[in-house]
Amino acid sequence: MKICPKCGRKFERLLAVSRIDNKTMICDNCGTMEALDSVPQGSLTPQERTRLVVAATGNKWAMENFNATHN
């Protein structure tokens with residue numbers, strides 16, 4: 001098991017590279033959050049930002065639920 005240095009949670013593998021130093025391996029969730037945080041403020045609506053976070057989880061039910069309540 002590997003431990004994500006950003007969130008401290010355990011994962012079988014770390015697949016994302018941190019945008020902070022371009023070498024530290026972090027978990028997918030932290031990688032997604034770093035990517036979203038790098039987008040200039042105001043270029044994504046709160047709904048678009050939430051859609052990206054929900055999609056990054058890979059949870060199909062959550063995405064279907066988001067689409068059903070936001071379209």
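The structure is a predicted model, in which local features need pLDDT of at least 70 and side-chain atom pairs count only at pLDDT 80 or more, while totals for chains, interfaces and linings use all residues. Residues are numbered from 1 along each chain as its sequence is written, and side-chain values use heavy atoms, with hydrogens and water left out.

**Fold**

- The chain has 3 helices and 4 strands, where helices (H or I, at least four residues) and strands (E, at least two) are DSSP runs numbered from the N terminus.
- Along the sequence, these elements follow the pattern β-β-β-β-α-α-α.
- Taken along the principal axes, the C-alpha atoms fill a box of roughly 40 × 30 × 15 Å.

**Burial and core**

- Of the 71 residues, 21% are buried, meaning under 20% relative accessible area with a 1.4 Å probe, protein chains only.
- The largest nonpolar core has 7 residues: C4, F11, L14, A16, I26, C27 and C30.
- Such a core is a set of buried Ala, Val, Leu, Ile, Met, Phe, Trp, Tyr and Cys residues joined through side-chain atoms within 4.5 Å.

**Around I26 and helix 1**

- Leaving aside neighbours within four places in sequence, I26 is in contact (heavy atoms within 4.5 Å) with residues including C4, L14, A16, G31 and E34.
- Helix 1 (residues 28–38) has C30, G31, E34 and L36 buried.
- The cover over these buried residues includes strand 3 (16–17), strand 4 (25–26) and helix 2 (46–57).

Key:
Buried means under 20% relative accessible area, exposed over 50%, partly exposed in between (1.4 Å probe, protein chains only).
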